[in-house]
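Subject: A structure for you to look at

Hi there,

Here is the structure I promised to pass on to you.

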Amino acid sequence: MDREDIKFTGELGTTLRGWFYPAQNAAGPAPVIVMAHGISGVKEMGLGEYAEVFAAGGLNVVVYDHQNFGASDGTPRQELDPVLQYRDYKNAISYAATRPDVDPDRVGIWGSSFSGGHVLTVAANDRRVKAVVSQVPFVSGPLSLARTVRPDFAAPLREQLQADRLHRFAGGEPSVIPVVSDNPFGEAVMPMAEANAYYTANASPEPSWRNELTVRSIELVGEYDPSSHISRVSPTPLLMIVARYDVTAPAELAFAAYEQAREPKQILVTDGGHFSVYDGPRFEECSTAARDHFRIHLGIGIGIGIGIG
């Protein structure tokens, strides 16, 4: 499928880079979906496959790398700043609105994992968004870290954060921590076996992916709570996709957040773990449901119901 290399200006004047997938068989300006990756990810890690499904369904798609990651500019490299990232979703919407092939009144946003939280925050605060899909979403920094950080690692992590603050204040380079590790007792942002298996199998060959985040990223993640915004997404139609056995972005936290959302809302509960949504039958199920949600609520429509509840 054809796609165009793009770039636009994000927060702090940073140049962001990505791809534009044109809507297939569109007779004029078509709706657009804006999408980005999760923690440490780059656009090559599964986003193109989702974008192709959406484009084949008559939707334009903007896919980009968050600043500090992948092909986008920004420093410190590998630093995840949630505020900059969700604000850049808004910049991506603004970029899309300047294109003659995009209908700026029909904008949808899609996010998976950490960006699944971003789209909740953006949709609650930016009424240009007319439909949102939040897939296997990260919904609470405080609650997620409480489940991720082993009790015996908590004190050393606090010491590591403090040392990094002082080091950076003195002009030093940011300290980094691995994203995943094959040692279940090793230091890692995502110590879950399912995360290591996915990144080992799928991410390592990508030249722009690096198995590290700055230590400060953990502190910034812990301060971020998208669930506090979810009740204000309404009246924008929300589809939340939750993996039943997700332990990376715990399913029980997503279910609790969904209960706080107001109508109109739908939930799709898919079997499998956090990373099952990126390939195989779970990918087909989730991408189809997301495509149909966007088509319905962005004024294209589908011939049959999407069969979720």
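Below is what I found in it, from the whole chain down to single residues.

**The whole protein**

Please keep in mind that this is a predicted model. Its secondary structure comes to nine helices and 10 strands. Along the principal axes, the C-alpha trace spans about 55 × 40 × 35 Å. A compact globule of 309 residues would have a radius of gyration near 19 Å, and the protein agrees with that, since its value is 19 Å.

Buried residues make up 55% of the 309 residues. If you look at contacts with a separation of 6 or more, 74% of them are between residues 24 or more positions apart.

**Aromatic rings**

How many aromatic pairs does the structure hold? There are 18 of them. One is made by Phe114 and Phe138, whose ring centres are 4.5 Å apart; their planes meet at 45°, so this pair counts as tilted. Phe114 belongs to helix α3 (residues 114-125), while Phe138 sits in the loop between β6 (129-135) and α4 (141-148), so the pair links parts of the chain 24 residues apart. Both Phe114 and Phe138 are buried.

Tyr198 and Tyr278 form another tilted pair, with 5.7 Å from centre to centre and 40° between the planes. Here the two partners are 80 residues apart: Tyr198 is in helix α6 (residues 193-203), and Tyr278 is in the loop between β10 (265-270) and α9 (280-297). Tyr198 and Tyr278 are buried as well.

**Helix α7 and its neighbours**

Helix α7 covers residues 215-222, and its buried residues are Val215, Ser217, Ile218, Leu220 and Val221. What do these buried residues pack against? Their partners are the helices α2 (82-97), α3, α4 and α5 (151-169), together with the strands β7 (176-177) and β8 (213-214).

**Some backbone details**

Thr75 and Pro76 are joined by a cis peptide bond with omega of about -5°. Pro76 lies in the loop between β4 (60-64) and α2. The bond from Glu263 to Pro264 is cis too, and its omega is near 0°. You will find Pro264 in the loop between α8 (251-260) and β10.

Leu12 has phi near 65°, and Leu12 lies in the loop between β1 (4-9) and β2 (15-21). Ser40 has a phi of about 65°, and its place is the loop between β3 (30-36) and α1 (47-56).

Are these two buried or exposed? Leu12 has a relative accessible area of 71%, which is over the 50% cut-off, so Leu12 is exposed. Ser40 has a relative accessible area of 2%, which is under the 20% cut-off, so Ser40 is buried.

Enjoy exploring, and write back with any questions.

Best wishes

Terms used
Residues are numbered from 1 along each chain as its sequence is written. This is a predicted model: local features need pLDDT of at least 70, side-chain atom pairs count only at pLDDT 80 or more; totals for chains, interfaces and linings use all residues. Side-chain values use heavy atoms; hydrogens and water are left out. Helices (H or I, at least four residues) and strands (E, at least two) are DSSP runs, numbered from the N terminus. The radius of gyration is taken over C-alpha atoms; the globule rule is 2.2 Å times the number of residues to the power 0.38. Buried means under 20% relative accessible area, exposed over 50%, partly exposed in between (1.4 Å probe, protein chains only). Contact means heavy atoms within 4.5 Å. Rings of Phe, Tyr and Trp (its six-membered ring) pair if their centres lie within 6.5 Å; planes under 30 degrees apart count as stacked, over 60 as edge-to-face and the rest as tilted.
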